[in-house]
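Keep the viewer open as you read.

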Amino acid sequence: MKKELRPYKVFAIKAGTVIDHITAGHAVKIVRLLNLADENRIVTIGLNFSSKKMGLKDIIKVEGRELTEEEISRIAIFAPQASINIIKKHEVVKKFHAEIPETIEYVVTCPNPKCLTNHESLTSKFHVSHKNNVIHLKCHYCEKVFLEAEINEYKNA
C-alpha cells in the first residue's frame with residue numbers, strides 16, 4: 001500500500017537551526033545525543049512527515065541556537081542525508097549537508113560487552129566508514145565493526 005503524501009505545517013522560527021531530512025524515527029535519538037531537551041530553548045520535533053525523496057522523514061528545530069560543527073558531524077552518523085539550515089530573521093542564511101566524520105569519540109558506547117571501554121575508564125572511539133549509504137562503526141579498541149542500528153547507547157558529551 002502506497003503512503004499518501006500529505007501537506008504538513010511546520011512553523012517558522014526567527015533564529016536558530018533547522019535539521020531537515022532526518023531518517024524517520026531518528027529525531028529523538030538526535031535530540032538525546034545533543035542534549036537539546038536539557039537546554040532552556042524551544043525545540044520542535046516533527047516525526048514521520050511525508051517526503052518525496054525519503055518516503056518519511058523527521059525534522060528538528062532549535063530556536064535561538066546554531067549547532068557547532070562537532071554537533072553537526074554527530075548528526076551525520078545517525079542521519080547522513082540530513083540538511084542543516086541556519087535561520088536568522090526568519091530567513092535561511094546558510095544551508096548545507098552534515099558530513100560524516102572519519103572518527104567519533106564520546107558519542108556512543110561499544111555494544112561488545114567484552115570491549116575494554118565497558119570495563120575501564122577509556123573514551124569510546126570509533127572509526128567510521130560508509131558504503132552504499134550504510135554506516136559502519138569500527139571500535140578502536142576491540143576492532144569489532146557495527147552498523148549504526150546496532151549502537152543503542154549514547155554517551156552525553
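Accessible areas here come from the Shrake-Rupley method with a 1.4 Å probe, and for residues only the protein chains shown count as cover. On that basis, the protein chain has an accessible surface of about 9,700 Å², of which 50% belongs to carbon and sulfur atoms. Please keep in mind that this is a predicted model: local features need pLDDT of at least 70, side-chain atom pairs count only at pLDDT 80 or more, and totals for chains, interfaces and linings use all residues. Residues are numbered from 1 along each chain as its sequence is written, and side-chain values use heavy atoms, with hydrogens and water left out.

Now for the fold. Helices (H or I, at least four residues) and strands (E, at least two) are DSSP runs, numbered from the N terminus. The protein chain has two helices and nine strands, in the order β-α-β-β-α-β-β-β-β-β-β from the N terminus on. Contact means heavy atoms within 4.5 Å. Among contacts in the protein chain with a separation of 6 or more, 60% link residues 24 or more positions apart.

What lies inside? Call a residue buried under 20% relative accessible area, exposed over 50%, and partly exposed in between (1.4 Å probe, protein chains only). Of the 157 residues, 39% count as buried. Helix H2 (residues 69-78) is largely enclosed by the rest of the structure, because eight of its ten residues are buried; among them are Ile 72, Ile 75 and Phe 78.

A nonpolar core is a set of buried Ala, Val, Leu, Ile, Met, Phe, Trp, Tyr and Cys residues joined through side-chain atoms within 4.5 Å. The largest one has 33 residues, and those touching the most other members include Ile 19, Ile 30, Ile 75 and Phe 126. At least two residues of this core come from each of several elements, including strand S1 (16-23), helix H1 (27-33) and strand S7 (125-131). H2 gives the largest share, five residues. Setting aside residues up to four places away in sequence, Ile 30 touches Ile 22, Ile 60, Ile 75, Phe 78 and Ala 79. Apart from this core lies another, of five residues, including Ile 13 and Phe 49.

Beyond its neighbours within four places in sequence, Asn 85 is in contact with residues including Gly 16, Asp 20 and Lys 94.
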